[in-house]
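Work through the exercises below with the sequence and the 3D view open. Try each task before reading its solution.

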Amino acid sequence: MQPSLHIKTKILPGNKIEIEIPEAAIGDAVDVFVILPEKPASKRGSAVEMIEQIRSKRQFRSAEDIDKQLQEERDSWDS
């Protein structure tokens with residue numbers, strides 16, 4: 001079985017990584033495997049889905065109800 005190393009490192013500026021392998025000699029060929037961390041699935045939906053979700057939570061009012069509220073607001077201005 002071939003020897004292997006498990007090294008954790010951070011991504012450096014420029015999306016680069018740097019690793020040190022003391023057991024290797026300069027010029028040795030090595031295989032490098034990069035396993036990216038799992039990221040949670042995006043919870044973002046489409047704009048249409050967001051609008052539908054907002055609409056489903058709102059109570060729709062009749063035109064008469066809105067007109068009444070507007071008139072009450074206008075009447076309060078005269079006071």
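A residue is called buried when its relative accessible area is under 20%, exposed when it is over 50%, and partly exposed in between. The structure is a predicted model.

**Exercise 1. Classify Gln2, Asn15 and Lys10 as buried or exposed.**

Step 1. Gln2 has a relative accessible area of 71%. The cut-off for exposed is over 50%, so Gln2 is exposed.

Step 2. For Asn15 the relative accessible area is 71%, so Asn15 is exposed.

Step 3. Lys10 has 66% relative accessibility and therefore counts as exposed.

Step 4. Now place them on the chain. Gln2 lies in the segment before α1. Asn15 is in the segment before α1, and Lys10 is found in the segment before α1. The helix α1 covers residues 47-57.

Step 5. Asn15 has one further feature: its phi is positive, about 55°, although Asn15 is not a glycine.

**Exercise 2. Describe the overall form of the chain: how many helices and strands are there, and what does the radius of gyration say about its spread?**

Step 1. The chain has 2 helices and 0 strands.

Step 2. The radius of gyration is 31 Å, whereas the globule rule gives 12 Å for 79 residues. The value is well over the rule, so the chain is more spread out than a compact globule.

Step 3. Along the principal axes, the C-alpha atoms fill a box of roughly 90 × 30 × 15 Å.

Step 4. Buried residues make up 0% of the 79 residues.

Step 5. The accessible surface of the chain is about 8,900 Å², and 54% of this belongs to carbon and sulfur atoms.

**Exercise 3. Find the nonpolar patch on the surface, and examine Ile7 and Val30 within it.**

Step 1. The patch is formed by Leu5, Ile7, Ile11, Ile17, Ile19, Ile21, Val30, Val32, Val34 and Leu36. Together these residues have about 890 Å² of accessible area.

Step 2. Ile7 is in the segment before α1. Its relative accessible area is 38%, so Ile7 is partly exposed.

Step 3. Val30 lies in the segment before α1. With 48% relative accessibility, Val30 counts as partly exposed.

Step 4. Compare sequence with space for Val30 and Ile19: they are 11 residues apart along the chain, and their C-alpha atoms are separated by 12 Å.

**Exercise 4. Which residue forms a salt bridge with Asp65, and how many salt bridges are in the whole structure?**

Step 1. A search of the whole structure finds 1 salt bridge.

Step 2. Asp65 forms a salt bridge with Arg61, and the closest N and O atoms are 3.2 Å apart. The cut-off is 4 Å, so this pair qualifies.

Step 3. Asp65 has 35% relative accessibility and so counts as partly exposed. Arg61, with a relative accessible area of 41%, is partly exposed.

**Exercise 5. What C-alpha distances separate Gln2 from Ile21, and Lys10 from Ala24?**

Step 1. Gln2 and Ile21 are 19 residues apart along the chain, with their C-alpha atoms separated by 15 Å.

Step 2. Lys10 and Ala24 are 14 residues apart in sequence, and the distance from C-alpha to C-alpha is 21 Å.

How values were computed. Residues numbered from 1 in each chain as written. Predicted model: local features only at pLDDT ≥ 70, side-chain atom pairs only at ≥ 80, totals over all residues. Heavy atoms only, no water. Patch = residues over 30% accessible without salt bridge, like charges linked within 9 Å, V, L, I, M, F, W, Y side chains within 5 Å. Areas by Shrake-Rupley, 256 points an atom, 1.4 Å probe, with all protein chains shown as cover. Salt bridge = Lys/Arg side-chain N within 4 Å of Asp/Glu carboxyl O. Helix = DSSP H or I, 4+ residues; strand = E, 2+ residues; numbered from the N terminus. Buried < 20%, exposed > 50% of the residue type's maximum accessible area, 1.4 Å probe, protein only. Rg over C-alpha atoms; globule rule 2.2 N^0.38 Å.
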